[in-house]
Structure formats: structure tokens, C-alpha cells
Amino acid sequence: PTGTPDKPRERALEALLRGIVESCALLEAWPGCVLALSVEETSADGGVAAAAVNACAMALLDAGVPLRAVPAALSAATGAARAEGGRGVLLDPSGSEEAAAEGVHVFVFEDGGAGDGLLACEGRGGGWEECAAAARRGTAPLAAFMREVSRRVVEGDAAAFG
């Protein structure tokens with residue numbers, strides 16, 4: 001969210017993002033400096049909070065901000081109908097899948113769920129444990145992708161100046 005959010009959902013998202021950035025970024029490396037991130041929601045079909053967290057993580061990595069941990073977020077819905085039939089935990093549900101679900105949760109893990117690294121979670125309804133386990137497994141390849149992209153950016157920057 002940019003500026004002063006005027007909706008409760010935007011204020012909650014801003015607080016979530018601020019808490020994650022403050023816990024992951026080594027802000028003490030630049031005392032007296034300001035780190036500003038701007039997130040703009042242009043369209044939404046579910047998973048807005050997870051997408052915003054992941055966008056912020058990629059922006060921090062791209063900018064070369066040193067991080068204690070790489071945050072990776074996933075939305076999970078429980079009781080949602082699955083494309084292959086049956087019901088269960090669905091990762092990265094669409095807006096209509098979220099609306100039909102018994103429970104919808106967003107989980108932010110540090111470094112793809114390695115160790116006990118749950119940074120934040122929010123949601124509604126039941127199935128928290130099932131969703132948390134599925135999201136932890138799902139964030140591992142996401143965090144690996146983020147680290148690989150970051151590595152390639154750093155190597156590209158080094159080659160440009162090298």
C-alpha cells in the first residue's frame with residue numbers, strides 16, 4: 001500500500017509487510033537511512049497478501065538489501081474443491097476458490113520453511129494445521145527460486161562492472 005491506506009484491509013496488509021521487512025532486512029546496516037517500498041494492487045484474484053510479500057522480497061533482493069532471511073509467502077485454502085476431484089488443501093487459490101473455501105490462510109516462512117521459520121500468518125476459518133504444513137512445503141521451491149534469481153542478478157551486476 002502506498003501513502004496512507006484508508007481501508008482496513010490495506011492497513012492490515014501494510015502492517016503485515018512492515019513487520020516482515022523489519023524482521024528480515026538488516027536495517028541496522030544503514031542507520032539513519034529510510035527503506036521505502038511501494039506496493040500497488042492493480043488487480044486481484046486471490047492471494048493478494050502472499051503476492052505482496054513475495055513482490056517485496058524480490059524487490060529487496062533485486063535492490064541488494066542484505067536480509068537475515070528471505071521471506072516466502074503462500075495462500076492456502078482448506079475444504080476447497082480441487083480440480084482433480086475431492087476436497088483438501090489448495091495452495092494459491094483463486095478469488096472464487098477462496099470464497100468457496102471453509103478456511104483461507106496466508107503463511108510467510110523464512111527461507112522456504114527451513115527450521116521453525118514462520119514469520120507471519122493470517123486467515124479465517126479452519127484447517128490451519130493442514131494449510132500450514134502444505135504452505136511450508138510449497139514455499140521451499142519458491143524461496144529457492146527467489147535465491148536463484150537474486151544470485152543471477154548479482155552475477156549479472158558483477159559482470160557489468162567487472
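Predicted model: local features only at pLDDT ≥ 70, side-chain atom pairs only at ≥ 80, totals over all residues.
1. On the α1 side, the residues are Arg9, Leu13, Leu16, Leu17, Ile20 and Val21. They meet Val48, Ala49, Ala52, Val53, Cys56 and Leu60 of α2. Sorted by class, this contact holds 11 nonpolar residues, one charged residue and no polar ones.

2. Now the geometry. Two packed helices are described by the angle between their axes and by the distance between those axes. Helix α1 covers residues 8-24, and helix α2 covers residues 48-63. Their packing angle is about 35°. Their axes lie 10 Å apart. The crossing of α1 and α2 is right-handed.

3. Next, look for empty space. A probe the size of a water molecule, rolled over the atoms, shows where such space is left. The largest pocket has a volume of about 450 Å³. It is lined by 16 residues. Closest to the pocket centre are Arg18, Val21, Leu35, Ala36 and Leu37.

4. What is the lining of the largest pocket made of, by class? It has 13 nonpolar residues, three charged ones and no polar ones. Helix α1 gives the largest share of this lining, with five residues.

5. Last, turn to Arg136. This residue sits in helix α4, residues 128-161. Is Arg136 buried, exposed or partly exposed? Its relative accessibility is 28%, so Arg136 counts as partly exposed; the limits for that class are 20% and 50%. Arg136 and Phe109 are 27 residues apart along the chain. Their C-alpha atoms are separated by 6.9 Å.

Notes:
Residues numbered from 1 in each chain as written. Heavy atoms only, no water. Axes fitted to C-alpha atoms, helices over the stretch in contact; angles between N-to-C directions. Helix = DSSP H or I, 4+ residues; strand = E, 2+ residues; numbered from the N terminus. Left-handed = near helix turned anticlockwise from the far one by under 90°. Contact = heavy atoms within 4.5 Å. Nonpolar A, V, L, I, M, F, W, Y, C, P; charged D, E, K, R; others polar. 1 Å grid on protein atoms, 1.4 Å probe; cavity = no way out; pocket = protein on both sides within 12 Å on 5 of 7 lines; lining within 4 Å. Points joined across faces, edges and corners; volume = space filled by probe spheres on them. Buried < 20%, exposed > 50% of the residue type's maximum accessible area, 1.4 Å probe, protein only.
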